[in-house]
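Reader: I'd like to learn how to read a protein model feature by feature. Could we walk through one together?

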Amino acid sequence: MLYIVGLGLGNEKDITLRGLEAVKKCDKIFIEAYTSLLSFGLSSDGLSTLETLYGKPVTLADRETVEEKADEILSEAAHSHVAFLVVGDPFGATTHTDLVVRAKKLGIDVKVVHNASVMNAVGVCGLQLYHYGETVSIPFFTDTWRPDSFYEKIQKNRGLGLHTLCLLDIRVKEPTLESLCRGKKQYEPPRYMSVNTAIEQLLEVEQNRGESAYSEDTMCVGFARLGSEDQKIVAGTMRQLESVDFGAPLHCLVIVGKTHPVEEEMLDFYRTV
């Protein structure tokens, strides 16, 4: 059996009771660690907080393990119980459908245990979830690569009066260009996009496109460490949020569409001024 278990957003205690029961019956536990970072003890003291809670060792599964060595995970699941732990919800911001498809093709039973995800936790700011349009991802710009495919999606959402959730780039264990050329992998330091960088890039794209999809006066909501005890939520214009210190990652951003009076009332609690 392969259990795919969502861990939620805050810390190791956010796993559901059903998720914890599944983990405790598993012989091998993997945790994906390339789409999100955890306040679960992954930064300073390794996996100790999770391992203490579960009473079992946990294997860190980076992008390479999941994408290139999935067969190893599945071969374990073919003859024993294996848990694959995912920050947030297994099918939230990052889907793990490939692992599920491959498991089912091999005749391996799969059970999914859901949990909170950034996709629904953003509701805390008061903007109603059914007033959101398509979610977009904002990648880090480089000197030679400045993609703007998100622009049309934001433009379409705003044309319909819908809010837009912007998921901000996370670059963990990315091989350097030099190492790829040499054929020996070396990795860049981890980088997590801030709300400030996202707004800077969004405004650059608007300046280049000039189609008035949004402006520095457009209302937004910035989030940091959503679901954690020290989460930070600030509402304001792009210009206002660009100078706010949101602190440690992870960050995300919502570009506000047309608002209902009840949504406005909730946003007032988070406004910068």
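This is a predicted model: local features need pLDDT of at least 70, side-chain atom pairs count only at pLDDT 80 or more; totals for chains, interfaces and linings use all residues.

Reader: What about the peptide bond from P249 to L250, cis or trans?

Author: Here's the general idea: most peptide bonds are trans, and most residues other than glycine have a negative phi. The bond from P249 to L250 is cis, with omega near 0°.

Reader: You mentioned phi. Which phi does S212 have, positive or negative?

Author: Positive, about 60°, even though S212 is not a glycine. You'll find S212 in the loop between α9 and β10. R225 isn't a glycine either, and its phi is positive at about 55°. R225 sits in the loop between β10 and β11.

Reader: Is S212 buried or exposed?

Author: The idea is to look at relative accessible area: under 20% is buried and over 50% is exposed. S212 has 62% relative accessibility, so it counts as exposed. R225 is at 14%, so it counts as buried.

Reader: OK, and the whole chain? How many helices and strands are there in the protein?

Author: There are 11 helices and 12 strands. Of the 273 residues, 48% count as buried. The protein exposes about 13,700 Å², with carbon and sulfur atoms supplying 51% of that. For contacts with a separation of 6 or more, 72% are between residues 24 or more positions apart.

Reader: How do I read a helix? Say, which residues of α5 are buried?

Author: List the buried residues, then look down the axis. In α5 (residues 97-105), the buried ones are L99, V100 and A103. They fall within an arc of 100° seen down the axis, so they line one face of the helix. Those buried residues pack against β1 (2-6), α4 (70-79), β4 (82-86) and β5 (110-113). Just after α5, G107 takes a positive phi of about 80°.

Reader: Now the cores. Which residues of the largest nonpolar core touch the most other members?

Author: In that core of 27 residues, they're I138, F150, L202, Y214, M238, L241 and L253. Elements giving two or more residues include β6 (136-138), α7 (150-159) and β7 (164-168). The largest share, six residues, comes from α9. Take L202 as a case: leaving aside neighbours within four places in sequence, L202 is in contact with I138, F150, I154, Y214, M238, L253 and I255. There's also a second, separate core of 18 residues, with A121, F223, L226 and V256 among its members.

Key
Residues are numbered from 1 along each chain as its sequence is written. Side-chain values use heavy atoms; hydrogens and water are left out. A nonpolar core is a set of buried Ala, Val, Leu, Ile, Met, Phe, Trp, Tyr and Cys residues joined through side-chain atoms within 4.5 Å. Buried means under 20% relative accessible area, exposed over 50%, partly exposed in between (1.4 Å probe, protein chains only). Helices (H or I, at least four residues) and strands (E, at least two) are DSSP runs, numbered from the N terminus. Contact means heavy atoms within 4.5 Å. Accessible areas come from the Shrake-Rupley method with a 1.4 Å probe; for residues, only the protein chains shown count as cover. The arc is that of the directions from the helix axis to the C-beta atoms.
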